[in-house]
Amino acid sequence: MENKKVYLITGGSSGIGLAIAEALTANNSQVISISRSEEKINRALNEKPQLKGKVDFIPGDVSNEESITQLRNYIEKKYEVIHGLINSAGVISVGNLQTLNSDDWQKMLDVNLTGPFLMTKTLLPLLKKANGASVINISSIAGLRPGTSIGYSVSKAGLDMLTRFLVADLGPYNIRVNSINPGLVKTHLHFDNDLISNQQDYDKMVEGARVRHPLKKVGEPQDIANMVKFLVSDEASWISGAIVPVAGGVTEENSFLMPKEDAILK
Ligand SMILES: NC(=O)c1ccc[n+]([C@@H]2O[C@H](COP(=O)([O-])OP(=O)(O)OC[C@H]3O[C@@H](n4cnc5c(N)ncnc54)[C@H](OP(=O)(O)O)[C@@H]3O)[C@@H](O)[C@H]2O)c1
């Protein structure tokens, strides 16, 4: 393991997590992923056969403390240390106070918020061993302002506060903690969480999002992976506590002030 970086990604079997896994396998790093379904792991290996043997896909559930403890024991025995923990696993159900049921609310808090808390807490001894580790929480622009789901926005706003809280807790161990807040990124998220059932509706949703992003494009998983690559690198060694939108400018979108079609100001 001499000189080899070890990165652990949650949800590395799909979308953003999978792109991060691919990006981090460069430089001969060891990448480990934890996710639940065998089917998605197989889908990932079909999409990216070059990752076969390069990413150690471990079955597990980030909302289950016992599962995380088993993962820690496995990593401790096989890899000894973790240089980077990237919490990317996430779920979403759409709804507001009146329409979201309490099971879906709880699921989003369990996976999107308690998951990163438990992962960081349980794996801390292995992060400390790196003497310069990085924790990155994949949050969302929905954590910065209300989005389409009350539970999702609350879980991601909580995740950003977890990031900020851990900065002072973990700084003395030379562990940096940062959030990345993506805008709309084309992944399996909306299909896999049953928000969308056909390609036509998906294309419509993506197009609607595209025009709301000032750069007039939605994101690709690689856009997020590029920021992860930077934040885990030595070039980012003085960055901790950053909440970084990687979102095509959509956080600063201001047409709500005066819809463009009504604009009278030149
Ligand atoms: N796509 C977007 O537009 C977008 C925008 C902003 C933020 N994000 C955030 O980016 C992250 C990645 O999303 P994505 O778009 O890449 O979604 P995705 O393609 O659906 O991937 C989600 C991954 O999380 C895993 N996962 C879900 N629940 C898990 C659990 N309990 N334990 C372990 N793994 C679990 C899934 O595998 P299993 O189901 O097999 O466990 C899958 O590998 C999420 O946190 C999401 O909230 C996405």
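At what angle do helix H3 and helix H4 pack, and how far apart are their axes? In this predicted model, H3 (residues 65–78) and H4 (residues 102–128) pack at an angle of about 20°. Their axes lie 10 Å apart. Angles under 35 degrees count as roughly parallel, so H3 and H4 are roughly parallel to each other. Their crossing is right-handed. On the H3 side, the contact involves Glu-65, Ile-68, Thr-69, Leu-71, Arg-72, Ile-75 and Glu-76. These meet Leu-118, Met-119, Thr-122, Leu-123 and Leu-126 of H4. By class, the residues of this contact are seven nonpolar, two polar and three charged.

H4 also packs with helix H5 (residues 150–170). Here the angle is about 15° and the axes are 7 Å apart. H4 and H5 are therefore roughly parallel to each other. The crossing of H4 with H5 is right-handed. H4 contributes Trp-105, Met-108, Leu-109, Asn-112, Leu-113, Pro-116, Phe-117, Thr-120 and Leu-124. Across from them, H5 contributes Ile-150, Gly-151, Tyr-152, Val-154, Ser-155, Lys-156, Gly-158, Leu-159, Leu-162, Leu-166 and Leu-170. The contact of H4 with H5 comprises 14 nonpolar, five polar and one charged residues.

From H1, the contact draws on Gly-15, Ile-16, Ala-19, Ile-20, Ala-23 and Leu-24. From H8, it draws on Pro-221, Gln-222, Ile-224, Ala-225, Val-228, Lys-229 and Val-232. Ten residues of the H1 contact with H8 are nonpolar, two are polar and one is charged.

A backbone N or O atom of Ile-16 is 2.7 Å from a ligand oxygen atom. Ile-16 is also among the H1 residues that contact H8. Val-185 places a backbone N or O atom 2.8 Å from an oxygen atom of the ligand. For Arg-36, a side-chain N or O atom is 2.8 Å from a ligand oxygen atom.

Key: Residues numbered from 1 in each chain as written. Predicted model: local features only at pLDDT ≥ 70, side-chain atom pairs only at ≥ 80, totals over all residues. Heavy atoms only, no water. Axes fitted to C-alpha atoms, helices over the stretch in contact; angles between N-to-C directions. Helix = DSSP H or I, 4+ residues; strand = E, 2+ residues; numbered from the N terminus. Parallel < 35°, antiparallel > 145°, perpendicular 65-115°, else oblique. Left-handed = near helix turned anticlockwise from the far one by under 90°. Contact = heavy atoms within 4.5 Å. Nonpolar A, V, L, I, M, F, W, Y, C, P; charged D, E, K, R; others polar. Polar contact = N/O pair within 3.5 Å; in protein donor to acceptor, adjacent residues only side chain to side chain.
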